[in-house]
Each structure stands twice: as structure tokens, then as C-alpha cells.
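Keep the structure open beside you and look up each residue as you read.

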Protein chains: 2
Amino acid sequence: MRRREGDPIICTVDVVLLTLRDDSLCVLLLKRDREPFAGALALPGGYVRPDEDQDAAAAASRVLREKTGLVSPYLEQLATFSGPARDPRGWSVSVVYFALVPSSMLQADPPGVELLPVARLPRLPFDHGEIVREAVARLRAKSQYSSLPVYLCPERFTLPQLQAVYEAVLGEPINKVSFRRKMDELGMLEPIPGELEVGRAHRPAQLYRLRPEYRHALSMVDRGINARG
Amino acid sequence: MRRREGDPIICTVDVVLLTLRDDSLCVLLLKRDREPFAGALALPGGYVRPDEDQDAAAAASRVLREKTGLVSPYLEQLATFSGPARDPRGWSVSVVYFALVPSSMLQADPPGVELLPVARLPRLPFDHGEIVREAVARLRAKSQYSSLPVYLCPERFTLPQLQAVYEAVLGEPINKVSFRRKMDELGMLEPIPGELEVGRAHRPAQLYRLRPEYRHALSMVDRGINARG
């Protein structure tokens, strides 16, 4: 019987960081500074370091911080991608996380960072194209039923701004009345007393924020935000 | 700068195989024949073998087949569990899959195999208790919206039998009328022409099977199987 328990497997993490820019869902890519694929744009990623990482999620946070300076308020395990062909260095396992950040966190892009719309990506190295598609699909599926897109919003926002974020994520318009009913049902928002958004052409709009209990946990509804009928 | 890219990480797969026995959702456990935790009941698992596994899913199928003789018609990646403490041998990554099989596949349990109800599990080694809890939560969440529990059914079944399977998975009774409406909406079943279940106390019931296009893909509904209102 063959025993191959000692064969080396490359163990990495990659991060799909999504944000909105100009009402488009964008992914953060970094120009690779070493082989393989030196010079190509790819997801931020790196080796797991057993001597310092408490788990793969901690490795993903560390890699994101080291390579972009960003700390994401939301980080969820997407899936693990593996096999002999996805990395030219050898048989590899990459535990992939997706992060959501408000665009205000990225107003001065860190050096080497590019934000590209997920709808118009170039061909990416490794299996990063497939990984981004899976991350976007997960974000869309969960956003139908939850408060997830709020992580793409600034700390304070109006309901029309929040609706625009949901529409950018879901890629389709949402009826205003049913959107407001769903937000009530989710119960995750609280008006900020006395705070109105002013200085726009419209009448002042109430500013909202996430209730403290939902800053690190999702609120879910039974039926889709944009369900028909 | 420290470079620890060569540190060994233990890379394994584990399988949470779920099935129904006596209307209870059960998980397959195996008595471990080696250290660590020799003699304890644990999930079937093993090392990824880069020389023969095409990816982690293939490794999970191989491990399940080698250790139990079973080939699951359904295998889905659950999540990856990692860290320095979950395995006494060292920093480890386990890519975990969950499998669903009809109880008829397990009528003669393979040697060393035990099926235990997930509601009454003993303390399990490694982080296998947490892994089983996550698998059951995933199965329940997806079953609210999909045809997933059909993988727990035999090839031919009546609607009352299918409803009992959904009820066992969801852990609560389902209204018969709304259940049948949901099954229509899922559109995944076809009556088997001329085949009725006979020999019971009731009048003969129509036998159904999964439509061919849903044997390897889920059918989904917009609203939960057991949604209120």
C-alpha cells in the first residue's frame, strides 16, 4: 500500500475583497511582484504561516493587511480550491475568503492596488477568475435574504443610498415600497436621532446606521428581498 | 523578515455522511484504528494524496470509499477547518465535505461503522462535534429552499414518504397542502407511470422519482418550504 503522507502540499489563502465604486461592484486586485505570473493582476494571497496564524481566517486577515493595509469588517470563508493544476508550483490548497468594505475605505488606493468591475474582468492567473465568479454569486445569493450589503455602506446612510447598494449588488432595480418593507422586516437599522442628510436637491433624508447587534452578525429574512409575487 | 513557506501543514479531508434511520437524522462514524484518538468514534477522514487525488473532493470520495465502501450520490464542500489545536499532530487544514445517502445504502453497515443520531452524539475527537453541527445546520438551511433532502430517499418514493423525510431533516411537522404545493413549485419529481405503492393499509399511493435533470443538480424555490404566512 502506498503511503504518501509526507508529500508537500502548498497551503495558501486568497481574499476576494469586494466594494462599490461608481455604483459598480468591484474586486480588489494586486499586481504580482514575483513568479509565477509576475506583473499580472491577481487576488491578494499568500502562504499560511503555522508559526503565527491561529487559523486560515487569521492568515487571510494578515495577508490582506500586509498587502493592502486594509482591515475588513466582514470576512467570510467562501470555499477551498485545490488540485495539481491551479498553481504551477505544485499541488495546492487555497482557502478563499471574501471581504466586503465600504468604498470610503479605499479612497486612496494603496500602491499596486486596482479596483476592477467584476462584470469586466480581464483573464486572471491561477483559478482566480472562477474564484471571483463564485464570490459574486455567493454575495448575490446571500444579499437576497440578508443584511449583508450593509457592509458595503458607510457608517451612516439614507434608505435611498442603501437601496442603491442593494441594486448594485443584485444587478437589478428593486421596488421602493417592498424594499422598505424588507428593511423593516430585517430590523437591523436604527435612525440616528436628529441626523438628516442635507445639502442635496431633495428634502433632507433621515440617516440610519446598523444596530450594534448586527455589526458582526447578519439579519436574515424568510423571503427574498426581490422575490416576485 | 521571517519566511516560513516550508513549514509542514497537515492537509486532510473529512466526510460528514448523513442518512435517515428510524426517522432520525444520523451521521456515520468510524472507530479509529490508530492514534491519535485510537478506538474513538470519529468522522471518516484521511490525508490528501497529491499523487492520486485530482482535488479535495476526489480525496473525500476516495477516503469515503476506502473506509466504508460507500459512493455517495451527493457530495458538497461544507467548509475548511484549520489551526494549530484541532489535530494533536500539528497545524492542520481539513477540507470537509458532506454526503447524503438513502438509508437503503447502509442496510448492512460496513465493519467498524456506526450510525448515530445527530441529536444524541457523544463527545467526538478533534473538532468533529463542531463539524457535524455545521453540516446539520447547512443541510437544514438548504432543505428549506431546495430538493436536497431527496438524496436521502430511495429511488422511488411516495409523497407522504418524501414529506416524512423533509420533516425529519427540518425537525418539525409540515402542512401537507403547502408541502405538495412546494413540491409542484420545485418541479423536480415525476410520477412513475403505472407504479403504485401497494400492500399497505391505505389506498395505493403513486410512486415518484427525481426527474433526470435533477439527479445531479438542485431545484430551488424562492420561499421556504416551511415558511409561515
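Tyr166(A) and Phe179(A) are both buried, where buried means under 20% relative accessible area, exposed means over 50% and partly exposed lies in between (1.4 Å probe, protein chains only). This is a predicted model, in which local features need pLDDT of at least 70 and side-chain atom pairs count only at pLDDT 80 or more, while totals for chains, interfaces and linings use all residues. Residues are numbered from 1 along each chain as its sequence is written, chains are lettered from A and ligands numbered from 1 in the order in which they are written, and side-chain values use heavy atoms, with hydrogens and water left out.

**Aromatic pairs**

How many aromatic pairs does a search of the whole structure find? Over all chains there are 9. Rings of Phe, Tyr and Trp (its six-membered ring) pair if their centres lie within 6.5 Å; planes under 30 degrees apart count as stacked, over 60 as edge-to-face and the rest as tilted. Here are two of these pairs.

| Pair | Centre to centre | Between the planes | Type |
|---|---|---|---|
| Tyr166(A) and Phe179(A) | 5.3 Å | 70° | edge-to-face |
| Tyr74(B) and Tyr151(B) | 4.7 Å | 35° | tilted |

Helices (H or I, at least four residues) and strands (E, at least two) are DSSP runs, numbered from the N terminus. Tyr74(B) has a relative accessible area of 11%, so this residue is buried. Tyr151(B) counts as buried because its relative accessibility is 7%. Over in chain A, Tyr74(A), Phe98(A) and Tyr151(A) form one aromatic cluster.

**Two helices in chain B**

How do H3(B) and H4(B) meet? Helix H4 covers residues 176-186 of chain B, and H3(B) packs with H4(B) at an angle of about 95°, their axes 11 Å apart. (Axes are lines fitted to C-alpha atoms, for helices over the stretch in contact, and angles run from 0 to 180 degrees between N-to-C directions.) H3(B) is therefore roughly perpendicular to H4(B), since angles under 35 degrees count as roughly parallel, over 145 as roughly antiparallel, 65 to 115 as roughly perpendicular and the rest as oblique.

In this contact (heavy atoms within 4.5 Å), residues of H3(B) including Leu162(B) and Tyr166(B) meet residues of H4(B) including Phe179(B) and Met183(B). The residues of the contact of H3(B) with H4(B) divide into 7 nonpolar, 1 polar and 2 charged. Ala, Val, Leu, Ile, Met, Phe, Trp, Tyr, Cys and Pro count as nonpolar, Asp, Glu, Lys and Arg as charged, and the others, Gly among them, as polar.

Leu189(B) lies in strand S8 (residues 189-197) of chain B. Its relative accessibility is 10%, so Leu189(B) counts as buried. Leaving out residues up to four places away in sequence, Leu189(B) touches several residues, among them Leu162(B), Met183(B) and Tyr208(B).

**A threonine in chain A**

Is Thr19(A) buried or exposed? Thr19(A) counts as buried because its relative accessibility is 0%. Thr19(A) belongs to strand S1 (residues 10-21) of chain A.

**Chain A as a whole**

Chain A has 4 helices and 9 strands. Of its 229 residues, buried ones make up 52%.
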